[in-house]
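Dear colleague,

I am handing over the structure below, and I would be glad if you read the notes that follow alongside it.

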Amino acid sequence: MILAYIYLDNIYGFKDFSASFVYPKKIVNNPLGQEYLKDYPNFRYKKVNIIFGSNATGKTTLGKAIWNICLFLNRKEGNRVLDIVCDKTKTAHIVFDYVLYDGVLTRADILIDPINSDNTQNIKVKILKQKLLKTDSYETAVARFNTEEEYKDYREALSDLIFTGWSFNFPLTEQSFDKVMCPYEGDERKEFTEVLLAVIKTMDPSIKEINLLDELPKSYVVVPENGDSFAVNHFDKISSIERLSSGH
């Protein structure tokens, strides 16, 4: 699969986010060479993409978003996109443009409605396809999409879709890391919480406070500026908590 473009709004921490993985024109003296779709020399795409940044800026989360979108398109499992919506009281939107080496540019346009009175959410999808011409670039092909096509329930829209995506490897940390470990009690536990907050805020300023959870031993409540609070327990794996990055 070649991913050409992605748009995410209200997905994980992404709001009105987009990323393009194509070149609008030929790159002179490109050391990789042949960064174009086979048999379509004007359809130029980036074979290698390096995403870097400081802790808690969304690098791993972008990979998780792409991974879940691929599983949604492949397995037709609604929870794959429902579970990555950030604010369930608002609409979420995904646009995913790709080519499966078949000479067809496909767009999966996914709308996820706000949660309704019976505590469910509707997923609507429109699949747009454009057969590539020999002279097509991504830009010329995408311009021919019929964007006026109506959304359908995702089960109907994906019923005939054949999709094969990527394999993913996510970062792993050493066994002694990736855990919240606080053996302290009493005043020492309170002091630990203050230190923990200071450290986490250097990596993620959106964390507002960390409080002791008296109902459970060695448990803490993390309060972000936006979104719901969540609990962290002694010896829990950070990577199992979706709201924190592997950098934490």
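A salt bridge is counted here when a side-chain nitrogen of Lys or Arg lies within 4 Å of a carboxyl oxygen of Asp or Glu. Please keep in mind that the model is predicted.

By that rule there are 7 salt bridges, and one of them joins the side chains of Lys 90 and Asp 87, with an N to O distance of 4.0 Å. Lys 90 counts as exposed, at 51% relative accessibility, whereas Asp 87 is partly exposed, at 26%.

Another salt bridge links Asp 97 with Arg 107, whose closest N and O atoms are 2.7 Å apart. Because Asp 97 lies in strand S5 (residues 92-99) and Arg 107 in strand S6 (residues 104-112), this pair ties together parts that are 10 residues apart in sequence; both Asp 97 and Arg 107 are buried.

A further one is formed by the side chains of Asp 113 and Lys 124, at 3.4 Å from N to O. Asp 113 sits in the loop between S6 and strand S7 (123-131), while Lys 124 belongs to strand S7, so the pair connects parts 11 residues apart in sequence. Asp 113 is buried, with a relative accessible area of 19%, and Lys 124 is partly exposed, at 30%.

As for the sheet, 6 strands make an open, antiparallel arrangement in the order S2-S1-S5-S6-S7-S8, in which strand S2 (17-20) and S8 are the edge strands, each pairing on one side only. Strand S1 (residues 2-9) pairs with S2 over 4 bridges in the antiparallel sense, and Tyr 5 has Ser 20 in S2 as its bridge partner.

Conventions. Residues are numbered from 1 along each chain as its sequence is written. This is a predicted model: local features need pLDDT of at least 70, side-chain atom pairs count only at pLDDT 80 or more; totals for chains, interfaces and linings use all residues. Side-chain values use heavy atoms; hydrogens and water are left out. Two strands pair if DSSP finds at least two bridges between them. Helices (H or I, at least four residues) and strands (E, at least two) are DSSP runs, numbered from the N terminus. Buried means under 20% relative accessible area, exposed over 50%, partly exposed in between (1.4 Å probe, protein chains only).
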